[in-house]
Amino acid sequence: MASQVDLLVIGAGPYAYSAAAFARDNGINTHVVGRPMAFWREHMPANMLLRSSSDWHLDACGEYTFDAYFHDHGLRPQDYDPIPIGVFLDYTDWFRRSKGLDVDQRLVNNLSRAHGAFVASMQDGSTITATKVLAAPGVRHFANLPDWHTQVPQARRGHTGDIVSFDDLADARVAIIGGRQSAYEWAVLLAEHGAEHVDVVHRHPVPEFAKASWQFVDDYIASTLAQRGWWRQLPAGQQQAIAATFWRVGRLTLEPWLAPRLDPDVVTPHPNTEVTEVSADGPGVKLTLSDATVLAADHIVFATGYQADLARVPYLSGVVDQLSITDGYPDLSEGFETSLNGLYITGFASTRDFGPFYGFTAGCASAARITVTDMMT
């Protein structure tokens, strides 16, 4: 087990893999800690289908891409459209093996800084000292919940990141709060696993179920690579226009393969509404909606997305008071470095300074290239 390294990567998800592999490719003594792809394996349904295609990959060198994985395994990408989550996980395992990337599955309990270096105190009582640290905190720390969620008994509620097995909700009445891809995919999965009824409540109209192209993201990634600080230098109006495109394509347009699986006898959308009153006095939960509809549910699923809040990442508690943070997001340099010299953060927590595309796997390879290049300058 390493005790002193040049770069410690905390996390073992897509962004961590990309950065660690590119750092090693550039001769940096790198050590990765975390449970490999744990969020994807434990907080997403095993039969989930992805919205992305095989052109989003992890290799900043462009060699061990998702398409290369398909070729190496004698598979055709067009036969896996949409891509099952299991196939993507197999790609990440193949990428890690191909890159010779070892992952230390011990977890970091706390990160601190002493004598010009970082010290990671591990849960097993050992420590790792590092000159630089790249943290890639997953979204599991950032579940976004409405203020009223605590009015629902804990045993009768959960976020989509926590409810990934549906057999226990067979014969149950379920209300889903939210109206984006996860909301409707969870509705489909609940229905297919025998839920008695599923109500889907959201403030916007019913989304369109149609094939959407994500190719517009490629130009934004290319611009970010070509011009340091590209996103933050855009006029506010242009940033808002790009964010609106993401909302239209990624939120108001859902995958067409969901539509035929939505059983109208089980799933009922409640568009243009929101919850105004909660009652949990009886055996279940009653939700009153803004159109006066009253729903009876045995369980509430919050498909309400994620909101960055760096203070909620446990292992950063020892340094968070030394970081400049705005609205829960770290203030990052053009090279993904925080205000604490030597500490870098990539992934979802970087989207305020780098754009919404860095909350998707589309940004993995470019974030790795930018971050590691910055470390070497």
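Asp374 and Arg228 form a salt bridge in which the closest N and O atoms are 3.3 Å apart, the term standing for a side-chain nitrogen of Lys or Arg within 4 Å of a carboxyl oxygen of Asp or Glu. The pair links distant parts of the chain, since Asp374 sits in helix α10 whereas Arg228 belongs to the loop between α6 and α7 (230-233), 146 residues apart. Asp374 is buried, at a relative accessible area of 13%, while Arg228 is partly exposed at 43%; buried means under 20% relative accessible area, exposed over 50%, and partly exposed in between, with a 1.4 Å probe and protein chains only.

The model is predicted, so local features need pLDDT of at least 70 and side-chain atom pairs count only at pLDDT 80 or more, whereas totals for chains, interfaces and linings use all residues. Residues are numbered from 1 along each chain as its sequence is written, and side-chain values use heavy atoms, with hydrogens and water left out.

**Helix α10**

Helices (H or I, at least four residues) and strands (E, at least two) are DSSP runs, numbered from the N terminus. Because 10 of its 13 residues are buried, α10 is largely enclosed by the rest of the structure. Among the buried residues are Cys364, Ile370, Val372 and Met375, and the buried residues of α10 pack against β1 (4-10), α1 (14-25), β6 (127-135), α6 (216-226) and β19 (343-345), where contact means heavy atoms within 4.5 Å.

**Other salt bridges**

Side chains of opposite charge can pair when their charged atoms come close.

| Pair | Closest N and O atoms |
|---|---|
| Asp374 and Arg228 | 3.3 Å |
| Asp124 and Arg106 | 3.4 Å |
| Arg261 and Glu192 | 2.9 Å |

Arg261, in the loop between β11 (253-254) and β12 (267-270), and Glu192, in helix α5 (residues 181-192), are 69 residues apart and link distant parts of the chain. Arg261 counts as partly exposed at 27% relative accessibility, and Glu192 likewise counts as partly exposed, at 44%. In the pair formed by Asp124 and Arg106, Arg106 is buried, with a relative accessible area of 14%. Asp25, Asp59 and Lys99 are linked in a network of salt bridges.

**Backbone features in loops**

A cis peptide bond, with omega about 5°, joins Asp81 and Pro82, and Pro82 lies in the loop between α3 (66-72) and α4 (85-99). His115 is not a glycine, yet has a positive phi of about 55°; His115 is placed in the loop between β4 and β5 and counts as exposed at 87% relative accessibility. Asp171, also not a glycine, has a positive phi of about 70°, lies in the loop between β7 (157-159) and β8 (173-177), and counts as exposed at 60% relative accessibility.
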